[in-house]
Amino acid sequence: MTGKVFLVGAGPSDGGLMTLKGYHLLQQADVVVHDALIGPEVLGMIPPGTRRIDVGKRAGSHPIPQQRINEILVEEAQKGLRVVRLKGGDPFLFGRGGEELELLVQNQIPFEVVPGVTSALAVPAYGGIPVTHRDYVSAVHLITGHAQHSTREPDINYRALVQAGGTLVFLMGVGTLPAICKGLLEAGMDPTTPAAILERGTTARQRKCVSTLIQLPQEAKGFSPPSVIVVGEVCALAKRFSWAEKRPLAGVRVAVTRPRERMSALATPLRELGAEVLEFPAIRLRSISPNPKLDDILERLKEYDWVVFTSPGGVSCFWKALQVRRMDVRCLYGLRLAAIGSSTARVLEERGLLVDLVPSSYCADALGRELVGQNPRKVLILRAKNGSVDLTDRLKEAGIPYDDTALYDTEFSPEVGRVRDLIKNGELDYVAFTSSSTVHSFMRGSGLKSGQGIHALCIGQSTGKTARSYGMETFVAPEATMEAMCTLLLELHEKERC
């Protein structure tokens with residue numbers, strides 16, 4: 001059977017600008033053939049088991065010729081696979097998408113095209129520049145600033161552009177910026193026309209230079225690809241309309257290492273505060289199945305008067321175990337529930353179960369001490385394999401009988417290996433850890449020998465201690481909550497800006 005190719009625009013970099021259709025196709029793909037400039041947030045949307053083929057071109061380096069890229073799409077589709085060709089921005093705007101379709105048509109390969117948010121509009125918007133404004137201009141022209149050969153200047157009819165009027169947006173024009181400005185000036189454009197260059201737009205590293213047409217080449221020295229050049233009166237609005245850099249965590253890039261199914265609890269509020277969040281799950285949960293010990297426990301639940309959960313993952317695994325055994329919440333009738341922290345309590349409450357005990361300090365030791373204070377008859381602990389002994393030690397000291405039952409184990413996720421180059425290149429400001437196991441798995445999966453140079457944002461003292469053992473510079477939230485981690489990051493970023 002012949003497969004199908006989906007030509008998908010990934011947008012400029014911000015994962016939030018990926019279209020819903022593009023996202024759903026990524027989840028269903030057998031193989032993803034992607035460019036070099038796809039944002040790490042978007043790459044993080046690709047499921048762990050999906051094969052990736054990097055065919056990216058970088059400035060001055062084209063390791064895989066365009067013709068070979070075209071052939072790869074045909075070859076993969078002829079294997080009967082669903083192929084997503086993931087391209088930066090929009091595939092039909094200077095993205096050579098049409099060229100890639102030619103060979104598919106010749107070989108009768110089915111395909112679909114999913115448009116993407118183009119950087120020609122998104123990057124100026126993130127820089128506070130509306131490319132059209134009724135009081136200034138009612139037309140916009142999109143031009144490639146890239147010459148066919150690196151030794152040549154771009155073939156642009158500058159006189160026609162100047163005569164047409166409107167906002168001019170040049171893509172891929174950093175290397176030819178002096179030639180572009182010179183061409184517009186020679187064609188009669190006013191030297192004082194506002195002009196801007198915007199680098200790495202929609203990312204935490206975005207920056208801009210707003211000047212005039214005649215001064216921009218001099219003032220933009222040091223800017224590099226990917227950048228967008230805008231020429232026109234609307235550039236004068238950049239200061240008044242700037243918004244991206246005014247967000248509380250603007251300019252901060254954070255890697256979150258929580259398990260994928262629990263990622264959003266921290267990633268979402270960080271994004272809402274303006275941070276660029278890269279999702280690198282360091283661990284994944286593996287339910288223990290078959291689980292004879294749990295089978296036995298569930299047969300004699302009435303022996304216990306307290307059930308303890310130490311993680312949201314434990315709650316999820318327990319729920320799945322009940323469903324597999326055709327059981328529901330009625331089996332917990334009469335039992336009192338304890339949760340190690342607010343996140344775990346919230347997950348229980350989402351399932352209609354109110355928690356009787358959440359310790360004042362969200363750690364195993366505090367949970368054990370406060371649980372002892374409740375004078376339990378017998379305690380059932382449902383958690384991960386090799387859980388902290390701080391909890392059970394407190395019960396032993398008080399002579400309280402308990403059963404410590406493992407519902408799941410954790411293993412390191414190979415996805416975290418993609419973070420290595422970002423760390424080595426200084427592309428990460430912080431790495432957020434919500435448990436000691438995420439720290440251990442992060443180091444193992446990344447292949448780093450030392451954590452030096454990593455700024456670790458930690459949920460509690462135990463996690464902070466583990467991070468320090470690898471040489472990381474650690475910052476520990478005063479409370480073991482996602483909200484406290486966000487507040488801590490806000491404080492750290494404010495100190496840096498001051």
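Contact, in this note, means that heavy atoms lie within 4.5 Å of each other. The model discussed in the points below is a predicted one.

1. Contacts of L301. Leaving aside its neighbours within four places in sequence, L301 is in contact with C331, L332, L335 and L380. L301 is also a member of the largest nonpolar core, which holds 28 residues. Together with F309, F318 and L382, L301 touches the most other members of that core.

2. Make-up of the cores. Helix α12 supplies the largest share, 6 residues. There is also a second, separate core of 23 residues, and V252, A432, L457 and M485 are included in that one.

3. The open sheet. Five strands make up an open sheet, and their order is β6-β7-β10-β8-β9 with mixed pairing. At the edges stand β6 (140-144) and β9 (207-212), each of which pairs on one side only. From one strand to the next, the twist averages 15°. As background, strands of a sheet pair through backbone hydrogen bonds, and the pairing is either parallel or antiparallel. Here β6 and β7 (residues 167-171) run parallel and are joined by 5 bridges. Within this pair, L142 stands opposite V169 of β7.

4. Helix α5 on the sheet. Helix α5 (residues 119-126) packs on the sheet, where it touches β6, β7, β8 (194-199) and β10 (227-231). The direction of α5 makes about 80° with that of β10. How many of the 8 residues of α5 are buried? The count is 6, so the helix is largely enclosed by the rest of the structure. The buried ones are S119, A120, A122, V123, P124 and Y126. Their cover includes the strands β6, β7, β8 and β10.

5. Helix α10. In α10 (residues 264-272), the residues L266, A267 and L270 are buried. Why do they sit on the same side of α10? They cover an arc of only 95° around the axis, and this puts them on one and the same side of the helix. Just after α10 comes G274, which takes a positive phi of about 100°.

6. Residue T392. T392 is placed in helix α15 (residues 389-397). Is T392 buried or exposed? Its relative accessibility is 6%, and the cut-off for buried is under 20%, so T392 counts as buried. Apart from neighbours within four places in sequence, T392 is in contact with I381, R383, Y402 and D404.

7. The salt-bridge network. Side chains of opposite charge can pair when their charged atoms come close. The count for this model comes to 35 salt bridges. Among the residues involved, D296, R300, E303, K378 and D403 are linked in a network.

8. The E303 and K378 pair. E303 forms a salt bridge with K378, and the closest N and O atoms are 3.0 Å apart. This pair links distant parts of the chain, 75 residues apart. E303 lies in the loop between α11 (292-299) and β14 (306-309), whereas K378 lies in the loop between α14 (364-372) and β16 (379-384). E303 is partly exposed, with a relative accessible area of 34%. K378, at 19% relative accessibility, counts as buried, because the cut-off for buried is under 20%.

9. A pair within α19. E494 and R497 form a salt bridge whose closest N and O atoms are 3.2 Å apart. Both residues lie in helix α19, 3 residues apart, or about one turn of the helix. Both are partly exposed: the relative accessible area is 39% for E494 and 45% for R497.

Definitions and conventions: Residues are numbered from 1 along each chain as its sequence is written. This is a predicted model: local features need pLDDT of at least 70, side-chain atom pairs count only at pLDDT 80 or more; totals for chains, interfaces and linings use all residues. Side-chain values use heavy atoms; hydrogens and water are left out. Buried means under 20% relative accessible area, exposed over 50%, partly exposed in between (1.4 Å probe, protein chains only). Helices (H or I, at least four residues) and strands (E, at least two) are DSSP runs, numbered from the N terminus. The arc is that of the directions from the helix axis to the C-beta atoms. Two strands pair if DSSP finds at least two bridges between them. Axes are lines fitted to C-alpha atoms, for helices over the stretch in contact, and angles run from 0 to 180 degrees between N-to-C directions. A salt bridge is a side-chain nitrogen of Lys or Arg within 4 Å of a carboxyl oxygen of Asp or Glu. A nonpolar core is a set of buried Ala, Val, Leu, Ile, Met, Phe, Trp, Tyr and Cys residues joined through side-chain atoms within 4.5 Å.
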